[in-house]
Amino acid sequence: MNKVLITTLLSSLLAIPAIANTAFTNGKDAVSYRQASFQLIRHNMGDIQDMIRGNVAFDAERVQRRAEALALLSQLPWESFTVPGAQEAGGKVKPAIWNNLPEVQERGEKLAADAAALLAAAKTAEQAEIRKAFGDFARNCKACHDKYKAD
Ligand code: HEC
């Protein structure tokens, strides 16, 4: 390998740390990562809710696609609360959250478990099963928001 090529390769490798601030090292990024995850949860959940309410035609394959997204998305927000600097970075959280992180984590795990159950129900394509699993999943949101989300 010639010297010019090596230098070029090295400088492109060295350029990588220029984007080193990520949601897992930077409090402000952690807040946007969390809020973005919640927004995607809301959109995917809303589509299933529309189908359950009859606003949109029921489509078992579409429910399954949304439930697959929710099973993944419901795992994402929680890590962001433990990133160094997250507390100082703000977000619309009640201060009580910072003294109760293990409980928040448990609630997050419960949401993810209920999302997995919703996905299992979606795979049966049985509307009654989907409705029940959806109700269980949805109950988590308000319970946690009342306690930890600021208006
Ligand atoms: C374990 C607690 C918890 C659970 C469960 C939870 N949330 Fe939240 N949610 C929060 C907190 C805390 C915030 C504020 C985050 C911030 O601004 O940093 C929030 C914010 C949001 C936001 C606003 C995001 C933004 O752009 O500012 C939406 C939308 C949302 N949640 C939807 C949901 C939905 C839908 C569910 C249920 C499927 C849910 N959340 C479940 C804690 C929770």
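Which residues of the largest nonpolar core touch the most other members? The close-up views below take up this and related points. The structure is a predicted model, in which local features need pLDDT of at least 70 and side-chain atom pairs count only at pLDDT 80 or more, while totals for chains, interfaces and linings use all residues. Residues are numbered from 1 along each chain as its sequence is written.

**View 1. The largest nonpolar core.** Among its 20 residues, Ala67, Leu70, Ala115, Leu118 and Ala122 touch the most other members. Such a core is a set of buried Ala, Val, Leu, Ile, Met, Phe, Trp, Tyr and Cys residues joined through C-beta atoms within 7 Å, where buried means that 20 or more other C-beta atoms lie within 10 Å of a residue's own, with C-beta atoms placed from the backbone. Helices H2, H3, H5 (101-124) and H6 (127-148) each supply at least two residues, and the largest share, 7 residues, comes from H5.

**View 2. Surroundings of Ala122.** Leaving aside residues up to four places away in sequence, Ala122 touches Val63, Gln64, Ala67 and Ile130, contact being C-beta atoms, placed from the backbone, within 7 Å.

**View 3. Helix H2 against helix H3.** H2 (residues 27-53) and H3 (residues 60-73), both DSSP runs of H or I with at least four residues, pack at an angle of about 150° with their axes 9 Å apart. This angle makes H2 roughly antiparallel to H3, a term for angles over 145 degrees, on a scale from 0 to 180 degrees between N-to-C directions, with axes fitted to C-alpha atoms over the stretch in contact.

Terms used. Parallel < 35°, antiparallel > 145°, perpendicular 65-115°, else oblique. Buried ≥ 20, exposed ≤ 12 C-beta atoms within 10 Å, placed from the backbone. Contact = placed C-beta atoms within 7 Å.
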